[in-house]
Amino acid sequence: MPLFQNASFLTTVANLRDLPADAVYEVAFAGRSNAGKSSAINTLAGRVRLAYVSKTPGRTQHLNYFTLAPGKYFVDLPGYGFAKAPEDIRRQWEGLIGPYLSKRSPLAGLVVIMDCRRPFTDLDRNLIAWFRPSGRPIHILLSKADKLSRQEQTKVLRGVESEIASWGEGQYSVQLFSSLKKTGVEEAETVLARWLDIPLTTKAKAADTGKKMPPDQGSPGAKQP
């Protein structure tokens with residue numbers, strides 16, 4: 001049962017002045033367009049369409065907030081690297097992402113989603129090099145791991161671990177992840193629960209009490225509007 005099963009959409013922020021004032025801890029998710037960022041958020045929440053999965057790169061242009069617990073949030077950042085976005089949208093993205101990542105005090109860490117078949121694009125490296133001086137932790141999810149064989153997964157993981165080791169001191173980590181196969185979920189939960197100060201025992205208690213996850217909208221058990 002997912003640790004973040006109670007995640008719910010809160011708001012879309014287009015201007016930094018509208019950021020939630022009650023935030024205590026936030027975890028931001030960043031990734032190149034089509035790297036599987038929205039799918040990763042959905043998988044961690046055990047939901048189908050909590051975060052919108054678009055076939056159009058760059059569709060998400062604002063900061064999307066998802067409540068996990070009082071004052072604790074997932075923040076879905078705009079995907080970077082979309083080539084066809086108009087310049088005004090590109091400027092809006094840059095105006096949001098830069099100030100948010102550099103100045104948002106409740107930000108506890110950054111999750112960078114990379115397609116395991118194409119890790120560390122120039123855009124990934126640029127974002128990480130820019131963010132590292134903040135001193136906040138970075139956790140890399142190598143998404144779509146199901147697309148590779150076990151041997152290929154191991155090779156990619158070791159390569160990324162080697163590059164991370166060259167960064168020097170800091171809280172940096174990496175793992176394989178597959179939204180399709182639901183692999184790597186518990187490993188990611190352990191990292192994010194620590195950042196958000198959410199006890200992992202919450203998950204165990206839910207299982208012990210037989211608590212059921214609310215059905216996704218459109219599923220047989222969901223209430224119809």
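Are Phe120 and Trp167 buried or exposed? In this predicted model, Phe120 is buried, and Trp167 is buried as well. The two residues also form one of the aromatic pairs, of which a search of the whole structure finds six. The ring centres of Phe120 and Trp167 are 6.1 Å apart and the ring planes stand at 80 degrees, so this pair is edge-to-face. The pair links distant parts of the chain, 47 residues apart: Phe120 lies in the loop between strand E5 (107–115) and H3, and Trp167 in the loop between helix H4 (150–165) and strand E7 (172–176).

Trp167 also pairs with Tyr172. Here the centres are 5.0 Å apart and the planes are at 85 degrees, so this pair too is edge-to-face. Tyr172, like Trp167, is buried. Elsewhere, ring pairs join Phe4, Phe29 and Phe74 into a cluster.

The charged side chains come next. Side chains of opposite charge can pair when their charged atoms come close. The count of salt bridges in the model comes to six. In one of them, Glu26 is bridged to Arg104, with the closest N and O atoms 2.7 Å apart. This bridge links distant parts of the chain, since Glu26 belongs to strand E2 (residues 25–31) and Arg104 to the loop between helix H2 (87–103) and E5, 78 residues apart. Both Glu26 and Arg104 are buried.

Arg136 presents another case. It is found in the loop between helix H3 (122–131) and strand E6 (138–143). Arg136 is buried yet has no salt bridge, and the nearest side chain of opposite charge, Glu26, is 8.8 Å away. The side chain of Arg136 does reach backbone oxygens: that of Arg104 at 3.0 Å, and that of Leu107, which lies 2.7 Å from a polar atom of the Arg136 side chain. Beyond its neighbours within four places in sequence, the residues in contact with Arg136 include Leu101, Ser102, Ser105, Ala108 and Phe131.

Asp115 forms a salt bridge with Arg117, the closest N and O atoms being 2.8 Å apart, and Arg117 is partly exposed at a relative accessible area of 37%. A salt bridge also connects Asp115 with Lys144, at 3.9 Å from N to O. That pair links distant parts of the chain: Asp115 is in strand E5 and Lys144 in the loop between E6 and H4, 29 residues apart. Lys144 is partly exposed, with a relative accessible area of 23%. Through shared partners, salt bridges join Asp115, Arg117, Arg118 and Lys144 into one network.

Terms used
Residues numbered from 1 in each chain as written. Predicted model: local features only at pLDDT ≥ 70, side-chain atom pairs only at ≥ 80, totals over all residues. Heavy atoms only, no water. Helix = DSSP H or I, 4+ residues; strand = E, 2+ residues; numbered from the N terminus. Buried < 20%, exposed > 50% of the residue type's maximum accessible area, 1.4 Å probe, protein only. Lys, Arg positive; Asp, Glu negative; His and termini not counted. Salt bridge = Lys/Arg side-chain N within 4 Å of Asp/Glu carboxyl O. Polar contact = N/O pair within 3.5 Å; in protein donor to acceptor, adjacent residues only side chain to side chain. Contact = heavy atoms within 4.5 Å. Phe/Tyr/Trp six-rings, centres within 6.5 Å; stacked < 30°, edge-to-face > 60°.
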